[in-house]
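This report examines a protein model with its sequence and structure at hand. Please keep both in view while reading.

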Amino acid sequence: MKSRIRLSLTTLLLAGLVFVGCMHSPVVAPPMASIPPPAAPDFAAANRRVPPPGVVTSIPRPESNPWRPTVAARNWQYIVIHHTATNSGSVESINASHLKNKDKNGNPWRGIGYHFVIGNGDGMSDGAIEPTFRWRTQIQGAHAGSTNKDYNELGIGICLVGNFENSPPTAAQRKSVKQLVKTLRTEYKIATVDVVGHKDIRASATECPGKLFPMAEVAGGDPGVMLGSDSAPPALERVASTTGSLQR
Ligand SMILES: [Zn+2]
């Protein structure tokens, strides 16, 4: 009887050990010389995605940027403003037009040359800001026509529908372009002097984006501070082209 109790106790004790062993098998499992112990949890593997100390993984960014691309951003340094020099237009209509263009090597363009288009209510909603495939895929633009190819390669091309030689942008366009430029300037640390009108940088003469485009107001001062059009920084007081070309 005593031995049966002792046996039962032993059984219970063993069962308990097995149970505990199931919960903590690497620790409690009896050592077995012939079988290698189970591998310790691979913390190195679990942490493999964590970069070494000193590598910045989260860059503080303004949360109010609905245009942040989902692919790695290009090293943008400029913003180049254009108008369509037409009364109506949309991403689709400009895309169809630009597909007919060819580069200096005779290769057709890949589509619309700009990164953003802002509508005027005729072809696109008034003030609507539409990113193009060039922005979504973060590829260079085809809009600057400058001797400095950086304006195409590192310049964000924004085109507003309208002819601002004849009439100014709509109130909605004005508000939208200011918001877009301010957001992009903040995100990519672009200086006021690097927000330019097409006519300021094009190799051959153009009026783009037109004499009625409020360039100084849109270019702004320090990111976050919008300057009025009467407080233009000196760098923006450039001499407008004197010819009548509307080339883009
Ligand atoms: Zn232009």
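A residue is called buried when its relative accessible area is under 20%, exposed when that area is over 50%, and partly exposed in between, using a 1.4 Å probe and protein chains only.

## Basis of the model

The model is predicted, so local features need pLDDT of at least 70 and side-chain atom pairs count only at pLDDT 80 or more, whereas totals for chains, interfaces and linings use all residues. Residues are numbered from 1 along each chain as its sequence is written, and side-chain values use heavy atoms, with hydrogens and water left out.

Helices (H or I, at least four residues) and strands (E, at least two) are DSSP runs numbered from the N terminus. Strand β1 covers residues 78-83, and six of its six residues are buried, so the strand is largely enclosed by the rest of the structure. Tyr78, Val80 and His82 lie on one side of β1, while Ile79, Ile81 and His83 lie on the other.

Two strands pair if DSSP finds at least two bridges between them. Six bridges join β1 to the parallel strand β4 (residues 155-160), where Ile156 stands opposite Ile79. β1 also pairs with β5 in the parallel sense, over three bridges.

Which residue of β5 stands opposite Ile79? That residue is Val195, located in strand β5 (residues 195-197). Val195 has 0% relative accessibility and therefore counts as buried. Ile79 and Val195 are 116 residues apart in sequence, yet their C-alpha atoms are 4.7 Å apart in space.

## The zinc site

Donors are N, O and S atoms within 2.8 Å of the metal (3.2 Å for Na, K and Ca); water is not among the atoms, so sites may look incomplete. The zinc ion has His82 (ND1), His198 (ND1) and Cys208 (SG) as its protein donors, at 2.0 to 2.3 Å. Their spacing in sequence is H-x115-H-x9-C. His198 belongs to helix α8 (residues 198-201), and Cys208, ten residues away, to the loop between α8 and α9 (215-219).

## Helix α4

Val91, Ile94 and His98 are buried in helix α4 (residues 91-98). Seen down the helix axis, the buried residues of α4 fall within an arc of 70 degrees, so they line one face; the arc is taken from the directions from the helix axis to the C-beta atoms. An α-helix has 3.6 residues a turn, so residues three or four places apart point the same way. Strands β2 (116-118) and β3 (129-131) are among the elements that cover the buried residues of α4, where contact means heavy atoms within 4.5 Å.
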